[in-house]
Amino acid sequence: MSQEELRIFVERFMHFMNLWTVYSDFLSGRYVPSVNSDDGHNESILSVQITLMFMLYAFFYSVVEDSQDALNGFRVWRERFPEEEHAIAAVERQVIPFRDRLRVFRNRLGFHGSRTRTHEADGLELFAAHTGDQIFQAMANFKSLGAALLAKANAEQGLPNPSHEQARLWIDAVAARAQRR
């Protein structure tokens, strides 16, 4: 893996983390968008929620895409942290069951779009086959493992917080959570 690919992945991972933060803040009420529409505030808020969810799911696929010419966090992590195979594989096992449907969702609803509702319907199959909780938990574990691995890299560089031992505990905790799912 080139240093350039690692840097690009870390940048995209940070974009994913930022989208996660906005979506989580929205769901918790810490972020309340200012929307103006004639059809009522509740419908406008629901529209924002759907938009944020679509963007988060689509962007998530962009960091786990299983293609040689695309970024794949699991591949990047394996090349940079081969000793963490156990944790990486545990989180990847959570993602694999819905990755193909997530690609179709991203292509038909998230980023690329469709010209007909019939074409969109295949993208919505993601929700017929998998619960939002299943997908959300896998994304949460992906996010947490990525942060823990970056913390480990920082500790290896001699940065004090977190310590190497704290990063190790964090990685192990993510692997344990992922295995329970």
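Me: Which handedness does the crossing of helix 4 and helix 5 have?
Reply: The crossing of helix 4 and helix 5 is left-handed. Please bear in mind that this is a predicted model.

Me: At what angle do the axes of helix 4 and helix 5 cross?
Reply: They cross at roughly 145°, and the two axes come within 8 Å. Helix 5 covers residues 117-129.

Me: Which residues of helix 4 and helix 5 make the contact?
Reply: Helix 4 contributes Phe98, Arg101, Leu102, Val104, Phe105, Arg108 and Leu109. From helix 5 come His119, Glu120, Asp122, Gly123, Leu124, Glu125, Leu126, Phe127 and Ala129.

Me: And by class, what does that contact of helix 4 with helix 5 have?
Reply: It has 9 nonpolar, 2 polar and 5 charged residues.

Me: Staying with helix 4, is Arg99 buried or exposed?
Reply: Arg99, which is found in helix 4, has a relative accessible area of 8% and is therefore buried, the limit being under 20%.

Me: What is Arg99 in contact with, leaving aside neighbours within four places in sequence?
Reply: With those neighbours set aside, Arg99 contacts Tyr61, Val64, Asp66, Asn72, Phe74 and Glu92.

Me: Now Gln137: where is it found?
Reply: Gln137 lies in helix 6. Its relative accessibility is 19%, so Gln137 counts as buried. Beyond its neighbours within four places in sequence, Gln137 is in contact with Gln94 and Arg181.

Me: Changing topic, which residues touch the most other members of the largest nonpolar core?
Reply: Those are Phe16, Phe60, Phe142 and Leu145, in a core of 49 residues. Two or more residues of this core come from each of helix 1, helix 2 (41-62), helix 3, helix 4 (85-110), helix 6 (132-156) and helix 7 (164-180).

Me: What does Phe142 contact, apart from neighbours within four places in sequence?
Reply: Phe142 is in contact with Phe9, Phe13, Phe16, Phe60, Val63, Val64, Gly73, Phe74, Trp77 and Val91.

Me: Last one: at what angle do helix 1 and helix 3 pack?
Reply: Helix 1 (residues 3-28) and helix 3 (residues 73-80) pack at about 130°, with their axes 11 Å apart. Helix 1 is therefore oblique to helix 3. Their crossing is left-handed.

Me: Which residues meet there, in helix 1 and helix 3?
Reply: Glu5, Leu6 and Phe9 of helix 1 meet Gly73, Arg75, Val76, Trp77 and Arg80 of helix 3. By class, this contact of helix 1 with helix 3 has 4 nonpolar, 1 polar and 3 charged residues.

Conventions
Residues numbered from 1 in each chain as written. Predicted model: local features only at pLDDT ≥ 70, side-chain atom pairs only at ≥ 80, totals over all residues. Heavy atoms only, no water. Axes fitted to C-alpha atoms, helices over the stretch in contact; angles between N-to-C directions. Helix = DSSP H or I, 4+ residues; strand = E, 2+ residues; numbered from the N terminus. Parallel < 35°, antiparallel > 145°, perpendicular 65-115°, else oblique. Left-handed = near helix turned anticlockwise from the far one by under 90°. Contact = heavy atoms within 4.5 Å. Nonpolar A, V, L, I, M, F, W, Y, C, P; charged D, E, K, R; others polar. Core = buried A, V, L, I, M, F, W, Y, C linked by side-chain atoms within 4.5 Å. Buried < 20%, exposed > 50% of the residue type's maximum accessible area, 1.4 Å probe, protein only.
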